[in-house]
Amino acid sequence: MTHAFKTAALAAILLSGAALPAAAQTEIQWWHSMSGELGTKLEGLATAFNETQSDYRVVPVNRGTYPESMTAAIAAFRAGEQPHILQVFEVGTGTFMAAGDAIYPVQELMADTGEAFDREGYLPAVVGYYSTAEGEMLSFPFNSSTPILYYNKDAFEAAGLDAETPPTTWDELAEAAATIVESGAASCGFTTTWPSWLNLESFSAWHNTPIATRQNGMAGLDTEFEFADAGLVARHWANLAEWQQTGAYQYRGRGSDAGPAFRSGECAILLESSAGRAAILANTDFEVGFGMLPYYDDVEGAPQNSIIGGASLWVMRGKDEASYPGVARFLAFLSSPEVQADWHQSTGYLPITQAAYELSQEQGYYDENPGSDVGIQEMTLNEPTENSQGLRFGNFVQIRAMIEEELEAALNGSKSAEEAVEAAQTRGNEMLREFEAQNQ
């Protein structure tokens, strides 16, 4: 063999050898909807997993907002181009649960691949949201949050209120908000983000009151809304409309639009996701206090437990069978106590497992960050009931938008609270029947 040939052959071998690990890796596509700091943190999880082994490479891809990524994934599945893993916000659960063979239930995936999995290790109110009525876990509860109360301690002190004691009932909250506005400590007493989630969905669970029949939709597509029947939601919406007249409450829009009004000091109290904690602490120049959600203390069973928001990871079928062990291994990586504790502490999302919660306790995180465990206290306050374990509705994305439209009608006076709640129930049931007819 000539020297030139030997050199060429060695180079070929080296090149071949260098290429082998990459060529041998199975790529796992992960579509998500996180941007900014959360997106960076999410991509860091994929990088960390990839560095633990050489068989698989998780590739995170931002596909826009939650509704956008859902729509894209459904279209991609029809074209045979779906990702392995899709991040779906909680209101999309009913739609994906009805997707049948398009999704690979997580519990089934872990069993098929022999990956260690302990359903009982997850927080009951978290895992219940993503499980069937029979208890099978369908999706992986990656970024779960729950609404909590934030308040401006400086404004409380300026108004002559006890800054170390947040209001616990709606009466106390309304009184504190009115005092703050009257004293001039802030021009707005309180506001809420995610109006339907805060003022109907979580509100009902916190008061152990059903939103719909069939275990709030968990037990079947033939569920029917009944949140108007008890009168509690109408009572609350009427109070919001009344409090808005004095400035004690101010509606500031859908989604997280109300957040800046609190961070700027304009509103003294905010009901917001626990996942908003990091952004609030990073963008306020006053001392922030934390509290549980308020409740009406004359309602039997309140407070019960809060329900989750956020999103879960759904595994989609139709990919190369050899890739699914990698998907299972990645989900096991995400649920490890160390990864979960770090994710929880750096984002404000809940630790999804009891082990991650206990690890955070051992690390002194809650002692060093007062109020950071309020969401967990809410979620574990009582054993979840059929009214507080979660929600499962088809067309829920559209239904939530409709509910917020009716709430806005009550707040602007174009309808009474009773009329708005009744209309929301009637329109919601029509949308449920449409979904049921399409998925029977």
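In this predicted model, R214 lies in helix α10, which spans residues 213-216. The phi of R214 is near 55 degrees, a positive value in a residue other than glycine, and at 39% relative accessibility R214 counts as partly exposed. N216 is also found in helix α10, and N216 has a positive phi of about 55 degrees although it is not a glycine; N216, however, is buried, with a relative accessible area of 1%.

**Backbone features elsewhere**

- A cis peptide bond joins A302 and P303, with omega at about -5 degrees, and P303 is found in the loop between β8 (288-291) and β9.
- Helix α5 is followed by G114, whose phi is positive and near 75 degrees.
- Just after α16, G364 takes a positive phi of about 75 degrees.

**Packing of α9 and α19**

- Two packed helices are described by the angle between their axes and the distance between the axes.
- Helix α9 (residues 195-206) packs with helix α19 (residues 396-411) at an angle of about 90 degrees, and their axes are 9 Å apart.
- Because angles of 65 to 115 degrees count as roughly perpendicular, α9 and α19 are therefore described as roughly perpendicular to each other.
- On the α9 side the contact is made by P195, S196, W197, N199, L200 and E201, and on the α19 side by F396, R400, I403, E404 and L407.
- By class, this contact of α9 with α19 has six nonpolar, two polar and three charged residues.

- An α-helix has 3.6 residues a turn, so residues three or four places apart point the same way.
- In helix α5 (residues 106-113), the residues V106, L109 and M110 are buried. Seen down the axis of α5, the buried residues fall within an arc of 95 degrees, so they line one face of the helix.
- The buried residues of α5 pack against β4 (140-145), β9 (309-315) and α14 (324-334), whereas the face of α5 turned away from its buried side carries the exposed residues A111 and D112.
- In helix α16 (residues 354-362), the buried residues are A356, Y357, L359 and S360. Viewed down the axis of α16, these buried residues fall within an arc of 160 degrees, so they too line one face of their helix.
- The partners against which the buried residues of α16 pack are α15 (337-347), α17 (365-368) and α18 (374-379).

**Aromatic pairs and a cluster**

- A pair of aromatic rings is described by the distance of the centres and the angle of the planes.
- With ring centres required to lie within 6.5 Å, the count comes to 28 aromatic pairs.
- One of these pairs is formed by F190 and Y249, and it is tilted, at 4.9 Å centre to centre with 40 degrees between the planes.
- F190 is buried, and so is Y249.
- The rings of Y365 and Y366 have their centres 5.4 Å apart and their planes at 65 degrees, so this pair is edge-to-face. Both Y365 and Y366 are buried.
- One aromatic cluster is formed by W30, F49, F142, F330, F333, W343 and Y349.

- E266 lies in the loop between α12 and β7 (267-273), and E266 is partly exposed, with a relative accessible area of 33%.
- Not counting residues up to four places away in sequence, E266 touches A186, S187, C188, R252 and A261.
- E266 and T191 are 75 residues apart in sequence and 10.0 Å apart in space, C-alpha to C-alpha.
- A410 lies in helix α19, and A410 is buried, with a relative accessible area of 5%.
- Not counting residues up to four places away in sequence, A410 touches W237, A241, K415, S416, A417 and A420.
- A410 and G220 are 190 residues apart in sequence and 31 Å apart in space, C-alpha to C-alpha.

Conventions: Residues are numbered from 1 along each chain as its sequence is written. This is a predicted model: local features need pLDDT of at least 70, side-chain atom pairs count only at pLDDT 80 or more; totals for chains, interfaces and linings use all residues. Side-chain values use heavy atoms; hydrogens and water are left out. Axes are lines fitted to C-alpha atoms, for helices over the stretch in contact, and angles run from 0 to 180 degrees between N-to-C directions. Helices (H or I, at least four residues) and strands (E, at least two) are DSSP runs, numbered from the N terminus. Angles under 35 degrees count as roughly parallel, over 145 as roughly antiparallel, 65 to 115 as roughly perpendicular and the rest as oblique. Contact means heavy atoms within 4.5 Å. Ala, Val, Leu, Ile, Met, Phe, Trp, Tyr, Cys and Pro count as nonpolar, Asp, Glu, Lys and Arg as charged, and the others, Gly among them, as polar. Buried means under 20% relative accessible area, exposed over 50%, partly exposed in between (1.4 Å probe, protein chains only). The arc is that of the directions from the helix axis to the C-beta atoms. Rings of Phe, Tyr and Trp (its six-membered ring) pair if their centres lie within 6.5 Å; planes under 30 degrees apart count as stacked, over 60 as edge-to-face and the rest as tilted.
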